[in-house]
Amino acid sequence: MSHPLFIAIVSLVIFLTAYGNREFIFGKFEGNVVFDYSKNSDILSQLGLSDQPSIKFQDKILHGRFLHITDLHPDGFYRVGSSYDSKCHGKVVKNKSQQNHTASRYGDALSGCDSPIELMQSTLDWIKDNLLDKIDFVVWTGDNVRHDNDRDHPRLESQIFEMNQVVADLIHSAFLTDKDRENQENIIDNSSRDIKIIPSLGNNDVYPHNMFSPGPTLQIREFYRIWRNFVPEEQLHVFGRGAYFFVEVIKGKLAVLSFNTLYLYTANPLVDNCDSRKQPGYQLFRWLGVVLEEMRKRDMKIWLTGHVPPVPKNYDESCLRKYIIWTHEYRDVIIGGLYGHMNIDHWIPLDSEWAYNSLAAEVFPSESIPFDLYTGCPDLDIKDADAMSHRYDGVPVGKVRYMNSVREDLYARIADSNDSGIFSDRYSIAHVSTSVIPTYNPGIRVWEYNITGLVDEDEKRAENQRHPPWSTFFEDLEVEMAEDEETDEFAFPTKDPSLPVKMPSKTPLGPAYVSQTFSPLRYVQLFANLSAINSGESAFQYELEYTTDDSPYQMNSLLVDDWIKLGRKLGASTDDQCPSQYKLLWKSFLSRAFVQTDYEDTGI
């Protein structure tokens, strides 16, 4: 762990460098920063977005924002007027006494039904009309097919691929800018489009649901065809191993990794753990390690993204601890994790001390290993994690109980400041976003991040020349992973390449911990009020639900230390003697978790 004085000095240097690069020019591009007063500040305010200046970098205008959208779950069998009991697939209900529980045009929160096609299409149209010119890239974390929850309409593999293709085409088209449309014949993959899109594989995107084999397989090949507009062509061979890849969203500076969480997921019966060399989870971490080390060499930063979040019992323990250890040892590179699947708006603190203790207990089972933080895991009520997505019994059940267990078993066990490391670097954060599917009200999230300090084009070009082209890296990576696969599974390894070495001493902390270029500043949570929209009180729209810097969170930034401080307050609300504002904070947190549906008051 680095010395606090050293970290403070490095942070000051980063701030001064960033400030020195800010050229505030009014009305035209000059240097690399512009105040764009052509934007309608009223629209930005209405959406809760800040009016931070955009910059020109690498012939592209960067706004310092990106969109996270997840769990669309469009249902081609959805029928307006059918009953909730039929999963909104049945005949139109004509009995007026029963019409309070029938499918509305845009879907209904707490109905247990998937998304009508019109909800998905209207969501993408709204984003195109209101956000397209305000964001830099899109994180899209999977589940683009209806659930397999209706015996009268079983899912077929052909239907799953067809709907994945339909959604991919809609997403591709929705985020084409005017610049892209002028050059559309040359839009081959993400490298040639203005707004980069990074998809992830959801557990309902595959057939059968949850089940995904290690590659190469025909299913993975089909997904490469479907995602041909998003996956860099030079990563075809790596993608074929397991549907994972990364995209440079700001060339040479920032990347987003699409992490195939189905290989870590306990509900996938085709995988066992992440410790055996032949397991796809082991190979996934092998790939992650090589990529992260290359990102460190190039001084690039990354977001990890995937579908199933790293919540205890979602991942096999061997996978969870490796995930946490990687995020800890590359805390100079990794900004955070972005996930979907659970439909509930919340975040998970990931404790590196627990991960190392878990690893030690596995290696030295006879030793007495302290195992404090996640000792509550058996009681952490996520046994219905799939039901949060599949909802076989209709209305979500037991989700307040789940949130209370997150509060008691995770937030309340966060270490005090003396034991949390410098800037709370003992921890990393996994963010779980709400979904478009109307499990609750549909929601989407716009992140704002720091874009000051980006060097100009001449410096950037000189910097790139110090590194080999990515094509060379991928060729070497393919050879390295092929050699690793040939290693005898039962041979005693001299080292485990699916685990990282310690972060080099005196390495400065990255954007997740110290304010610098690419540090997350705030996010804006937008939601569609379905009751108002379906009743005709409102046109279809996404409106502001909350921002992280408003009351009661009042977070000045979104560094890990800010989340850990919030977590301590949320955890303290379990105490009957806690300050009243902590109780109100938890109440607000629950309301936002269930996207203003009052689910927390239903007693379900």
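A salt bridge here is a side-chain nitrogen of Lys or Arg within 4 Å of a carboxyl oxygen of Asp or Glu. The model on screen is predicted. It holds 28 salt bridges. This tour visits some of them.

**Stop 1: Arg 445 and Asp 345.** Select both side chains. Their closest N and O atoms are 2.8 Å apart. Arg 445 sits in strand E16 (residues 443-449), while Asp 345 is in the loop between strand E13 (334-339) and strand E14 (346-351). Arg 445 is buried, at 1% relative accessibility. Asp 345 is buried too, at 4%.

**Stop 2: Glu 448 and Arg 522.** Stay on strand E16 and select Glu 448. Its side chain meets that of Arg 522 in a salt bridge, 3.1 Å from N to O. Arg 522 belongs to strand E17 (residues 520-527), 74 residues away from Glu 448. Both residues are buried.

**Stop 3: the network.** Select Asp 275, Glu 317, Arg 321, Lys 322, Glu 362 and Asp 496. Salt bridges with shared partners join these residues into one network.

**Stop 4: Arg 321 and Asp 275.** Zoom in on this pair. The side chains form a salt bridge of 3.1 Å, N to O. Arg 321 lies in helix H9 (residues 317-329), and Asp 275 in the loop between strand E11 (254-258) and helix H8 (280-297), so the pair ties together parts 46 residues apart in sequence. Asp 275 is partly exposed, at 32%.

Note on methods. Residues are numbered from 1 along each chain as its sequence is written. This is a predicted model: local features need pLDDT of at least 70, side-chain atom pairs count only at pLDDT 80 or more; totals for chains, interfaces and linings use all residues. Side-chain values use heavy atoms; hydrogens and water are left out. Helices (H or I, at least four residues) and strands (E, at least two) are DSSP runs, numbered from the N terminus. Buried means under 20% relative accessible area, exposed over 50%, partly exposed in between (1.4 Å probe, protein chains only).
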